[in-house]
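Keep the sequence and the structure open while reading.

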Amino acid sequence: MPEREEQFSDETIRRFLLGALTGAEQATFDERLFADDGLEKRVRLAECELADDYAFERLNAADQELFEHNFMVTAARHQQLTVSEALRDRFASETVVTSAPSAMTIAERLKEWLGLGQSSWKLALRVIILLLLIGTMWSVLRGPRLGQRFLSIRRPVPAGTPAPNLQMAHHSISPEPPKQITPPDQLAAPVTLMLVPQHGYDPVHIATIMLPDGERGVLRLQLSVKGTPETDRAELLTISGQSVLVEGALKPLPGVDTVSFDVPGRFLTAGDYQMKLSRRTDGVESNVVTYYFRVQ
Amino acid sequence: MLQQEDFDRLMNWLAADAEQAGAIYEKIRWRLVAILASRGCRFPEELADETIDRVSRRVTDIQETYVGEKAIYFLGVMNNVHHEYLKRPPLPVVPLLNEGARAVADTTEQIHACLEKCLNKLAPNSRQMIEQYYAADKQAKIDLRKRLAQKFGVSTSNLRLRALRIREKLQVCIARCVEAEARP
């Protein structure tokens, strides 16, 4: 009975879990919990969220105390908290690179790297290396093609940079990854597949590509959007409609008719896929264009 | 001490089908534990089991005449059990909590290993959502969750529900995984 269920706010449910309801509230809540499956589901979800909030240190001091005193009283909840902590540890390590700015200033980093205060011959050597690096960077950036490539790998997806060695075809395959400057400890150079919009799924004439190599492999879909209206959502699905990856708006660079969509190899298995670009108008989402391809 | 035949009678009273009766039993026990914990009981699981034991012993007397939602009957018995508990002299709580905490600490490594396994079992889209939802926690949470909701084409409240449902599935998967690994 959803209308009855709505009588309890998320905040009330949280206070129930923290043992902070008043006597009257408690009696009503207890009875309802025994009669309302919907409320039970909400309480179960709220339990998970509360454990997460504690693990991620988002509770205020008072709630923290209530949590420790009133919530952590069953083995199941202890395990719930351990899972929350595991999630925190698991995903915190993934975000460290982007979220943990160093306390050192650039000047301090440069000073440390240059080794100011060390013996002069070491300093001279480091200055020479620095000058060589600056010179190399300058020559790379001056070449328009290389410069464009260099910029494209630093820009997060969506990217609209065309790869010069691509062929636009219904089933074009680029067997070799484009030669790009990729840090060796990051993902492998993407294998790029150029796609044009299709009016329907044609399993006989479908663009085909080999599965990118291993966990570090990346498939870069280069999607032709010439003459296509602006879209605000991109979704990769299996041909049967199971969603694989979703991305926000993919916008082409000025003067470029393609957008790119990177798919980590670990998300792909052999089979046929569809790539949909859609847009939302007045709250209604409509498909704008679809591309199809096969992974072997 | 609860006799097997009392327990069987209880299950039979809850539902004729054994599997269905098991599901109802679990549901009732979970609700009893949640309510007793919310009322500030230090041992909600023990009191919930005490409640179930008492109902089991009364099934013979009530099964012919009781009318209404059976689960509600447990609530009445639980109130009695709770009143009795409140009259008892307070017991030290530390040993039980420490015991529970130690038991969980023993499984922490297993839980981390099982988390990886369970993440791998998620559908790619669910995995992507949960990874980004929890990664967003470490940064400017509200903004990132708004952007994440936009990306998945859902409202922020819907995103929260979907992420928590995946989180709940993970919890169940991890519990099963830990249990399976603990078996000899």
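## The sheet in chain A

Leu195(A) has Leu223(A) as its bridge partner in β3(A). This is a predicted model, in which local features need pLDDT of at least 70, side-chain atom pairs count only at pLDDT 80 or more, and totals for chains, interfaces and linings use all residues. Residues are numbered from 1 along each chain as its sequence is written, and chains are lettered from A and ligands numbered from 1 in the order in which they are written.

Helices (H or I, at least four residues) and strands (E, at least two) are DSSP runs, numbered from the N terminus. Two strands pair if DSSP finds at least two bridges between them.

The sheet is open and has 3 strands in the order β1-β3-β6 (chain A), with mixed pairing. Its edge strands are β1 (191–195) and β6 (258–264) of chain A, and each pairs on one side only. From one strand to the next, the twist averages 20°. Axes here are lines fitted to C-alpha atoms, for helices over the stretch in contact, and angles run from 0 to 180 degrees between N-to-C directions.

| Strands | Bridges | Direction |
|---|---|---|
| β1(A) and β3(A) | 5 bridges | parallel |
| β3(A) and β6(A) | 7 bridges | antiparallel |

Strand β3 spans residues 218–224 of chain A. Leu219(A) has Val263(A) as its bridge partner in β6(A). Leu221(A) stands opposite Phe261(A) in β6(A).

Why is β3(A) largely enclosed by the rest of the structure? Of its 7 residues, 6 are buried. Buried means 20 or more other C-beta atoms within 10 Å of a residue's own, exposed means 12 or fewer, and partly exposed lies in between; C-beta atoms are placed from the backbone.

## Where chain A touches chain B

In this interface, 45 residues of chain A are in contact with 46 residues of chain B. Contact means that the C-beta atoms of two residues, placed from the backbone, lie within 7 Å. Elements giving two or more residues to chain A's side include α3 (23–35), α4 (37–55) and α6 (75–99) of chain A. The largest share, 14 residues, comes from α6(A).

## A residue in chain B

Asn80(B) sits in helix α4 (residues 70–87) of chain B. Is Asn80(B) buried or exposed? Asn80(B) is exposed because 12 other C-beta atoms lie within 10 Å. Thr51(B) is 29 residues apart from Asn80(B) along the chain, and their C-alpha atoms are separated by 8.6 Å.
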